[in-house]
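Dear colleague,

Please find the structure below, handed over for your use.

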Amino acid sequence: MPARRRLIAVPLTFAALLAPPAASAQFGSDGLGDEYFPLAGNGGYDAEHYILRLDYDPATDVLDGHVTVRATATEALSRFNLDFRGFDILALEVDDAPAAMLRDGQELMITPQRPLAAGDVFEVNVKYSGVPEVIVDPDNSIEGWIPTDDGAFVVNEPQGSPGWFPANDNPRDKATFDFRVTVPRGKVALANGVLKSSRTVGAHTTWRWNQDEPMAPYLTTATNGDFETSFTTLEDGLPLYLAVDRPERTGANFTRIPQAIELFSETYGAYPFSAAGGIADNAGFVGYALETQTKANYANEPGSSTVVHEVAHEWFGNAVTPVVWRDIWLNEGFARWSEWWFTEANGGTPAATAFRTSYNSRSATSSFWRRPPADLGGPEFMFANQAYDRGGMTLQALRETIGEADFFALLKTWYAENKYGNVTTADFIATAERVSGDELSAFFDAWLFGTTRPPLPGA
Ligand SMILES: [Zn+2]
């Protein structure tokens with residue numbers, strides 16, 4: 001994507017800024033070293049809680065925002081960044097005092113009146129207005145705040161969040177979130193977590209949602225529009241929020257959600273979040289579904305396996321999240337294998353057969369095998385089917401290599417030890433070797449990093 005750089009200088013009017021910063025205070029880095037998205041996230045602090053107050057008018061596409069970010073400085077900072085694209089910034093404060101800003105692309109550089117010391121808890125308030133910029137990814141898919149015929153479809157993997165709110169947009173900086181989304185009366189706004197209230201005043205309705213478990217910014221949503229809703233609870237008390245954009249969508253396969261939650265809770269461990277759900281929107285032009293935390297977004301009518309896939313991501317992707325985007329097979333391979341496992345566990349085709357069908361559909365000379373799932377080659381290949389199919393094959397091949405008992409113990413251990421945290425491929429390999437007691441470097445070299453077709457287990 002061609003660079004779209006925009007530099008906005010704001011006069012530094014504060015006397016404090018004219019003095020040299022405290023000896024140790026420095027600029028927080030503009031990224032966290034992600035190989036695919038070097039500017040994703042920022043250094044020097046840890047975001048802990050966001051309050052997103054959003055007011056959206058689908059008729060004009062204007063989004064007014066007031067976002068609060070509570071964070072802890074992890075180093076002395078004279079300046080730090082948030083990731084944010086577009087909009088006019090109407091007000092910017094750090095700890096209730098106006099702060100100075102510079103903007104360059106997605107980097108919003110914030111200079112508080114007084115430098116922050118390591119360990120300081122601070123609060124940033126950003127008020128803004130404008131028409132959100134839809135983000136185009138390196139693979140040409142679109143994300144962010146995407147207008148639909150009746151509202152907006154809001155998805156962010158991997159870099160859409162800064163298109164509608166200022167964030168420390170890196171999967172490793174998880175936080176809790178409150179949402180207060182105001183839309184025209186009669187429309188529904190769906191964000192992550194539990195519904196706290198929906199209140200109509202005059203021509204507007206404000207929907208308040210709370211996500212009380214850690215969430216990476218890319219998993220947020222605030223999809224809105226004309227939806228038929230079904231807000232119920234499952235037998236164990238888990239709230240289930242379903243929203244369907246009729247008449248184009250029916251959400252018929254949402255019956256899979258409780259079934260998949262039940263199976264995966266048994267297989268992997270207890271469901272990680274305080275709510276579940278799904279949103280079937282009429283946004284086919286977006287072309288994909290995304291596992292936005294607790295309520296996956298579906299741009300099209302979701303098929304059965306797609307629903308199962310997105311539910312599996314609540315464990316792998318949402319609760320257990322990669323440190324870097326290159327390791328996305330830890331999301332997609334696990335979700336693909338979970339589809340196979342759901343079918344097997346419900347008396348259908350065994351995963352061993354699904355694995356061989358997928359394997360045999362690519363000849364030994366197919367280019368498919370040249371792109372390894374744990375090293376896809378760049379952000380434009382993040383969603384290549386190697387992350388999904390070869391990732392899923394890796395897990396089934398591992399199952400057949402270390403045996404049923406060790407494999408299922410590994411899945412439970414992997415989830416239990418990393419729930420709400422972040423992981424790497426190296427972590428997974430180490431855990432697999434520890435749980436199985438086997439030396440597996442040749443196995444993983446072939447399945448995760450090899451550029452030729454690995455042999456089938458036992459072959
Ligand atoms: Zn997926």
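**Zinc site**

In sequence, the donor residues of the zinc ion follow the spacing H-x3-H-x18-E. Please note that this is a predicted model. The donor atoms are NE2 of His 309, NE2 of His 313 and OE of Glu 332, and they coordinate the zinc ion at 2.0 to 2.1 Å. Both histidines belong to helix H3 (residues 304-313), where His 309 and His 313 are four residues apart, about one turn of the helix. His 309 and His 313 are both buried.

**Salt bridges**

Across the whole structure, a search finds 10 salt bridges. Three of them are described here, beginning with the pair formed by Glu 339 and Arg 336, then Glu 400 with Arg 356 and Arg 362 with Asp 389.

In the pair of Glu 339 and Arg 336, the closest N and O atoms are 2.6 Å apart. Both residues lie in helix H4 (residues 329-345), three residues apart, about one turn of the helix. Glu 339 counts as buried because its relative accessible area is 12%, under the limit of 20%. Arg 336 is likewise buried, at 18% relative accessibility.

The side chains of Glu 400 and Arg 356 form a salt bridge with an N to O distance of 2.6 Å. This pair links distant parts of the chain, with Glu 400 in helix H6 (residues 385-402) and Arg 356 in helix H5 (residues 351-360), 44 residues apart. Glu 400 is partly exposed, with a relative accessible area of 29%, and Arg 356 is partly exposed at 25%.

Between Arg 362 and Asp 389, the closest N and O atoms of the salt bridge are 2.8 Å apart. Arg 362 is in the loop between H5 and H6, while Asp 389 is in helix H6, so the pair ties together parts that are 27 residues apart in sequence. Arg 362 and Asp 389 are both buried. A network of salt bridges links Arg 336, Glu 339, Arg 362 and Asp 389.

**Acidic residues at the surface and in loops**

A patch of negative charge on the surface gathers Glu 235, Asp 236, Glu 262 and Glu 266. Of these, Asp 236 is in the loop between strand S19 (228-233) and strand S20 (239-244). Asp 236 counts as exposed because its relative accessible area is 64%, over the limit of 50%.

Asp 226 is placed in the loop between strand S18 (222-225) and S19, and is partly exposed at 35% relative accessibility. Asp 226 and Asp 150 are separated by 76 residues in sequence, and their C-alpha atoms are 6.1 Å apart in space.

**Backbone geometry**

Most residues other than glycine have a negative phi, and most peptide bonds are trans. Pro 247 is found in the loop between S20 and helix H2 (256-268).

Asp 61, which is not a glycine, has a positive phi of about 75 degrees. Asp 61 is in the loop between strand S3 (45-57) and strand S4 (62-73), and is buried at 17% relative accessibility. Thr 294 has a positive phi near 75 degrees. Thr 294 lies in the loop between strand S22 (289-290) and strand S23 (296-298), and is buried at 1% relative accessibility.

With kind regards

Terms used. Residues numbered from 1 in each chain as written. Predicted model: local features only at pLDDT ≥ 70, side-chain atom pairs only at ≥ 80, totals over all residues. Heavy atoms only, no water. Patch = residues over 30% accessible without salt bridge, like charges linked within 9 Å, V, L, I, M, F, W, Y side chains within 5 Å. Areas by Shrake-Rupley, 256 points an atom, 1.4 Å probe, with all protein chains shown as cover. Salt bridge = Lys/Arg side-chain N within 4 Å of Asp/Glu carboxyl O. Lys, Arg positive; Asp, Glu negative; His and termini not counted. Charge placed at Lys NZ, Arg CZ, Asp CG, Glu CD. Helix = DSSP H or I, 4+ residues; strand = E, 2+ residues; numbered from the N terminus. Buried < 20%, exposed > 50% of the residue type's maximum accessible area, 1.4 Å probe, protein only. Donors = N, O, S within 2.8 Å, 3.2 Å for Na, K, Ca; no water.
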